[in-house]
Amino acid sequence: MTQLYQHIAAFVFAVKEINENQHLLPNVTLGFHIYNNGFSGSWSYLAAMELLSRGHQFIANYECGIENLPAAVIAGPNTDYCLHMSTILYIYKMSQLIFGSSPVVNNEVQGRFFHRMFPNIGYQYEGLVQLLLHFDWIWIGVVSMDDDTGEGFVQNVLPTFAQKGICFQFVARLPQITFGELIDGYNEIIMLLSRSTANVAVVHGEIHTVMTIIFIENIVELFGTLLQRRPKVWIMTAQMEFSSLSHHRDMSIHFLHGALSFAVHSKEPSGFRQFLQTQNPALEKEDKFLWAFWEAAFNCSLSDRLLREEDEEDKPPCTWKEKLETLPVSVFEMSMTSHSYSVYNAVYVVAHALQAMYLSKFTRNPVLNGGREKLWNIHPWQIHWFLRRVAFNNSAGEEVSFNQNGELLTHFDIMNWVTFPNGSFVRRKVGTIEPQAPVDKMFTIQEDAIVWPSIFDQMPPLSKCNDKCLLGFSKRKKRGEQFCCYNCISCPEGKISNQTDMDACFECPGYQYPNDDKDGCLPKDITFLSFGEPLGIILTVFALNFFLITIFILGIFMKYKDTPIVKANNKNLTYILLTSLLLSFLCALLFIGRPGKVVCLLQQTAFGMIFSVALSSILAKTITVILAFVATKPGSRIKRWMGKQLAYSIVVFCSFFQATICIKWLVTSPPFPDLDMYSVTQTIVLKCNEGSAGMLYALLGFMGFLALVSLTLAFLARNLPDSFNEAKFITFSMLVFCSVWLCFIPTYLSTKGKSMVAVEIFSVLTSSFGLLGCIFSPKCYIILVKPELNTKEHLTKRRNQRLANHSNTNTKKM
């Protein structure tokens, strides 16, 4: 993998800079050993053993006469191989500075000697969630390696994604097999990717995962051509880095166009590109890594044909004039990658730790070895304390330090991949994950700077199980499918949804109402039954006309007060009844107009008191008729009950009882002006709130009691012999009264808004006019049209006839 040579170059470049620096480790020359583990666990163990055996022959644990034992080991970029080495190195308390993936160890002592050139991995996963949610990507695929780190990612990290509302169409595991078995081992993953409807796929792996994805994606693209497969936006973790084998050079990497990846923040040191340009195998004949890289990168041979192995591919000889800058980026990058930057910083961390350790020893023992102790006469564990406390600015001007857990204090960059037809690519920074920033500023993204796959027309793709629910609709989960999959249903009446993909519709505030599309709220108009609107005008005209009619009737009765028909049944009760009816018509006007505090106090109480007086007057009249007949019987003792006092007592008692209810109501819980926001959809009704429903029911209940008693007594007395017996008229009037108010109850409850007020006014006017018409119209007819019937002689003659008829009827019954 030619790309990995840059790690070596960065390592050598850092050592070279330190050795030329007169302020860092002066008079000390750093040396190094580089081992290639060949992505093999056994080679990793072997490298660890060779580090501890510095002789020409490999003798484990043998150090006799060897002084230059390594001060620290820089290892990476794969987790497993770092862990293999650590198993050996931690026994000797040798510190490891790890770039790339950081292994998770259960041995606490072993973990103490890890110094991670990588920030806390948890921040990367938090940033990944925020990235997915920022673009509303909640239907994704996940690809991870089938190893311990991949298992940890699936078991520990993906559940947190689900908690944030992200679900997975598939979670594929890349098995650890040799590349010769790719086609058979990855057949299932190839089919998953080719059939996937998710437009986003998260890849969690290590440095060599990309070349696996290159192979798989090229196969998938082949199948995708037949299946009309849509490209994906790949999101890669910071542990990964672009890498490929030589036979991948002819494969397309266009699938990475528009991809996003996380990377440990890096900044290229000055002089690194010039250093790479000077690399040439002709000048570094002992550098076998450079020779191997050169042959692979330029596809040529540096060795003589006769010296080649028989199975070695026949390659043209190298010209020795090849230039690294001419290589495609997919073969070798001239810009320092984040992993190489971590290697570069790791070398400087060791150098600064050695410097700090030397200064500490020099301060304590200034006379040792003529004022200077040999720096290489150290034990590996001695540098550990200084490594954890290193803090410096590197040559790129950035601070390098560790936290208490041995993790590098830095941030993640979000990179956007842009590929070109010639197989090269660039990565551009489009966002950051800053762990040290406030929570609301930890994640930043420059959406306008992102280049998306061409099929998405430079717009962020949608990645959902189904289309978004539009405004006015809400989500309903599909049975048997993941929570990201749902149907869209229209909001019910009275509710809206003003955003896409809402979980539930909601009601507008009380002062607003839903529009016809159910995607917004409109302001309600405040309304009440006013005198200026048609309905208010009609009711007012009727109330005033009935008021004038009542005055006219009252004037007639006062003018003919000495006639028999007026004097019959107590003319004063008649005046009280007419006056109460007169006031009832005026009382109806209290319900029209803008309700105020005083009006609300008077509406129901005045209505209750006026009708109680009217009903009690009618009751008194009915009882007077009954007593008048009973008193005519021989030996009756009822005569002593006859008189005006009884009638007045009934009126006073009933009125006083109703007044007691009203006073208690006004004292305990008086009515008040209120806004009815919910009865009518598009308006706010200004009305009077009763304050206490119980007191209102008590008031109406007493009125109903008086009406029923009056109706019952009048019905029983309707055939009693009397010249001007009002019982028949009272019976009919009370039937009208009770019918009106019985119809009022369901009508009132079925109407809303100011129509309820209109119904109540109509009931007041109708019932009052019913009493007025049924009781007084016959009498007015006699007074005005048939005055001959309104004489004492006619009264005496008619009374005698009624008594005779009544006596004959009783005789026949006996």
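User: Which way do strands β20 and β22 run relative to each other, and how many bridges join them?

Analyst: Three bridges join β20 (residues 525-527) to β22, and the two strands run parallel. This is a predicted model: local features need pLDDT of at least 70, side-chain atom pairs count only at pLDDT 80 or more, and totals for chains, interfaces and linings use all residues. Residues are numbered from 1 along each chain as its sequence is written, and side-chain values use heavy atoms, without hydrogens or water.

User: What makes β20 and β22 a pair of strands?

Analyst: Strands pair if DSSP finds at least two bridges between them. β20 and β22 have three, so they meet the definition. Strands themselves are DSSP runs of E, at least two residues long; helices are runs of H or I, at least four long; both are numbered from the N terminus.

User: How does β21 pair with β22, and over how many bridges?

Analyst: β21 (residues 672-676) pairs with β22 in the antiparallel sense, over five bridges. D674 is the bridge partner of K687 in β22. The two strands form a hairpin with six residues between them.

User: Why is β22 called largely enclosed?

Analyst: Count its buried residues. Buried means under 20% relative accessible area, exposed over 50%, and partly exposed in between, using a 1.4 Å probe and protein chains only. Five of the seven residues of β22 (residues 683-689) are buried, so the rest of the structure largely encloses this strand.

User: Why is F170 called buried?

Analyst: F170 has a relative accessible area of 6%. The cut-off is under 20%, so F170 is buried. F170 sits in strand β5 (residues 167-174).

User: Which residues does F170 contact beyond its sequence neighbours?

Analyst: Contact means heavy atoms within 4.5 Å. Leaving aside neighbours within four places, F170 touches I140, G141, V142, V143, L192, L193 and S196. V143 is 27 residues away in sequence, with its C-alpha 8.3 Å from that of F170.

User: What makes the buried residues of helix α8 one face?

Analyst: Those residues are I189, I190, L193 and S194, in α8 (residues 187-195). Seen down the axis, they fall within an arc of 130°, so they line one face of the helix. The arc uses directions from the helix axis to the C-beta atoms. Exposed E188 and R195 lie on the face turned away from the buried side.

User: Why is the contact between K429 and D413 called a salt bridge?

Analyst: The definition asks for a side-chain nitrogen of Lys or Arg within 4 Å of a carboxyl oxygen of Asp or Glu. In K429 and D413 the closest N and O atoms are 3.5 Å apart. That is within the limit, so the pair qualifies. K429 is in strand β12 (residues 425-433) and D413 in strand β11 (residues 412-419), 16 residues apart. K429 is partly exposed at 43%, while D413 is buried at 5%.

User: Are K464 and D501 buried or exposed?

Analyst: Both are buried: K464 has 13% relative accessibility and D501 has 12%. Each value is under 20%. They form a salt bridge, with the closest N and O atoms 1.9 Å apart. This pair spans 37 residues, from the loop between β13 (443-445) and β14 (473-477) to the loop between β16 (495-496) and β17 (506-507).

User: What does the salt bridge of D503 and K475 tie together?

Analyst: The side chains meet at 3.0 Å, N to O. D503 lies in the loop between β16 and β17 and K475 in strand β14, so the bridge ties together parts 28 residues apart in sequence. D503 is exposed at 58%, and K475 is partly exposed at 23%. Elsewhere, salt bridges that share partners join D136, K464, K468 and D501 into one network.

User: Why is the phi of N27 worth a remark?

Analyst: Most residues other than glycine have a negative phi, and most peptide bonds are trans. N27 has a positive phi, near 60°. N27 lies in the loop between α1 (5-20) and α2 (41-51) and is exposed at 71%. N299 also has a positive phi, near 55°.

User: Which residues are joined by a cis peptide bond?

Analyst: G76 and P77, with omega about 0°. P77 is in the loop between β1 (73-75) and α3 (79-89).
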